[in-house]
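Please look over the model shown here.

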Amino acid sequence: MRDVYITGVGMTVFGKHSERSLRDLGGEAAMRAIRDAGIKTHEIEAGYCGNALGPVLQGETGVGQNVFWEVGIHGIPIVNVENACATGSTALHQAWIGVYSGLYDMVIVAGTEKVVMPKGQVLDVGNGELEARLGEVFPGYFALIAQKHMEKYGTTREQMAKVSVKNHSNGSLNPYAQFQKTFTLEEVLNSPVIAEPLTLYSCCPNSDGAAALIVCSRERARKAGSRAVKLRASVLATGTYENHRDLTTWEVETRAAAKAYSIAGLGAKDLDVVEVHDAFTICELIHYEGLGLCPPGEGGRLIDEGLTELGGRIPVNPSGGLLSRGHPVGASGIAQIVEIVWQLRGEAAKRQIKDVRVGLAQIMGGNKEGDTRACTIHILSR
């Protein structure tokens, strides 16, 4: 088994790209990653492409072959991946397996998505589940989780709103973020209620965009020198689907994190920067707890004390997270990795964190039986 590195990263600006196609967006991100790695396309031995909703929204399948053709990659194994919000990160996990096992020396990973919907229209997904057919759309589900966390631990609306304030502040420093606007605590709390206690600015947007990575062995990473970032752990886990589980935590996350820490030989105390799946503000607070950044129920304290801000003890979502950077489903997990790599290289410009040596990216998605379909954890270091 071999060490695995990331030598090239790239992404598009996230937002509304109504005139662009999945392959066009994906091709731009892929070419940025190739140029960042300083390689030629003929050096790439396999490609992995994440796209979650192309078959539903654009009527397009086999997206990976189209994306990689845009940059001159063909004649090699191409794998298309769909795994809810963990689609892009699952594509990376598959790429990691390919290099870690010795099957490939260099591969490319991309994620591309177009999910901006007409104003007021609900994203029509998940109708294979009884809950969705009965009206349990994502905002309602996460509002229920927020209510349970408030009931059990005394978490407040203000603490949840502070997540949005922090992440939009971070996003205003990220030129790739969908939203470049900051919000006050009052603006978040007083924005329209979507599902009590979640308001409009407590929810991430649907977005268009793409991101890509070059993943390779240690031998191939030597060419990149100090810009190569080591991928120390890649873990993919699935929920247990226990109907009576505690809604204030995700067992799949704590299980995946424990495994990732074990593989990397590190712990939560070693992390310098974290990117998490903040689809709704309550999610980030629970992820603090699930990743071991604080004990259960103390996520609110962490945000109150400013410990997860850019200048805090453990900055979370310096990119702006899903709330501000945006959430093109198939690309989000890869965009998290792009941010961690930039932070580790010292290339994050105005949002750069000092002395970053270890970073973690967590993303999860897909509701089933009150649980999560997929969760990935990646740990990277200099």
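The text below takes the sheet, then a helix on it, then a single residue.

This is a predicted model: local features need pLDDT of at least 70, side-chain atom pairs count only at pLDDT 80 or more, and totals for chains, interfaces and linings use all residues. Residues are numbered from 1 along each chain as its sequence is written, and side-chain values use heavy atoms, leaving out hydrogens and water.

**The sheet**

Nine strands form an open sheet with mixed pairing, in the order β3-β2-β4-β7-β1-β8-β11-β10-β9. Its edge strands, β3 and β9, each pair on one side only. The twist averages 25° from one strand to the next. Strands are DSSP runs of E with at least two residues; helices are runs of H or I with at least four; both are numbered from the N terminus. Two strands pair if DSSP finds at least two bridges between them.

| β3 | 78–81 |
| β9 | 273–275 |

Strands β1 (residues 4–11) and β7 (residues 208–217) run antiparallel and are joined by seven bridges. Y5 has C216 in β7 as its bridge partner.

Helix α14 (residues 329–345) packs on the sheet, touching strands including β1, β7 and β8. Contact means heavy atoms within 4.5 Å. The direction of α14 makes about 110° with that of β1. Axes are lines fitted to C-alpha atoms, for helices over the stretch in contact, and angles run from 0 to 180 degrees between N-to-C directions.

**Residue N170**

N170 lies in helix α7 (residues 157–171). N170 is buried, at 4% relative accessible area. Buried means under 20% (1.4 Å probe, protein chains only). Beyond neighbours within four places in sequence, N170 contacts L310, V316, N317, P318, S319, G320 and R351.

Note on methods:
Buried means under 20% relative accessible area, exposed over 50%, partly exposed in between (1.4 Å probe, protein chains only).
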